[in-house]
Amino acid sequence: MEYRKMKRHVAFTRATGDNVFNAIIWDVVVNPSFQQLGLGLGLGLGKAVMEKLVEELVAKGICNIA
């Protein structure tokens, strides 16, 4: 996920799998300066990149995600 205004990557996920049925999510990384803003409330970037990753895996027919 990129912050377009500053052209910086602010969050990413990493998964490996067999490209058929299985995938394992290894990392969810959010730039610390984007994790908590204001009164300790985050932007939900970790959740957003996880949802996008799972969506892409399911679209590829991968049904077992750990």
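Valine 30 touches Val10, Ala11, Gln35, Leu45 and Gly46, when residues up to four places away in sequence are not counted; contact here means heavy atoms within 4.5 Å. Buried stands for under 20% relative accessible area, exposed for over 50%, and partly exposed for what lies in between (1.4 Å probe, protein chains only).

The model is predicted, so local features need pLDDT of at least 70 and side-chain atom pairs count only at pLDDT 80 or more, while totals for chains, interfaces and linings use all residues. Residues are numbered from 1 along each chain as its sequence is written, and side-chain values use heavy atoms, with hydrogens and water left out. The average pLDDT (the predictor's confidence in each residue, from 0 to 100) is 84 for the protein, and 80% of the residues score at least 70. Confidence is lowest in strand 1 (residues 2–3), with a mean of 60, and highest in strand 5, at 96.

Turning to the fold, the protein has 1 helix and 5 strands, in the order β-β-β-β-α-β from the N terminus. Helices (H or I, at least four residues) and strands (E, at least two) are DSSP runs, numbered from the N terminus. Three of the strands form an open sheet with the order 3-4-5 and mixed pairing. Strand 3 (11–17) and strand 5 (64–65) are the edges; each has a single partner strand, so one side of each lacks a neighbour in the sheet. Two strands pair if DSSP finds at least two bridges between them. Strand 3 pairs with strand 4 (residues 22–30) in the antiparallel sense over 7 bridges, whereas strand 4 and strand 5 pair in the parallel sense over 2 bridges. Phenylalanine 12 stands opposite valine 29 of strand 4, and isoleucine 65 in strand 5 is the bridge partner of alanine 23. The hairpin of strand 3 and strand 4 has 4 residues between the strands, and asparagine 19 there takes a positive phi near 60 degrees.

Threonine 13, in strand 3, stands opposite valine 28 in strand 4. Helix 1 (residues 45–59) packs on the sheet and touches strand 3, strand 4 and strand 5; its direction makes about 160 degrees with that of strand 4. (Axes are lines fitted to C-alpha atoms, for helices over the stretch in contact, and angles run from 0 to 180 degrees between N-to-C directions.) Beyond its neighbours within four places in sequence, threonine 13 contacts Asp27, Val28, Val49, Met50 and Leu53. Its relative accessibility of 22% is why threonine 13 counts as partly exposed.

Asparagine 31 lies in the loop between strand 4 and helix 1. With 19% relative accessibility, asparagine 31 counts as buried, and its contacts, leaving aside neighbours within four places in sequence, are Arg8, His9 and Val10. Across the protein, buried residues make up 18% of the 66 residues.
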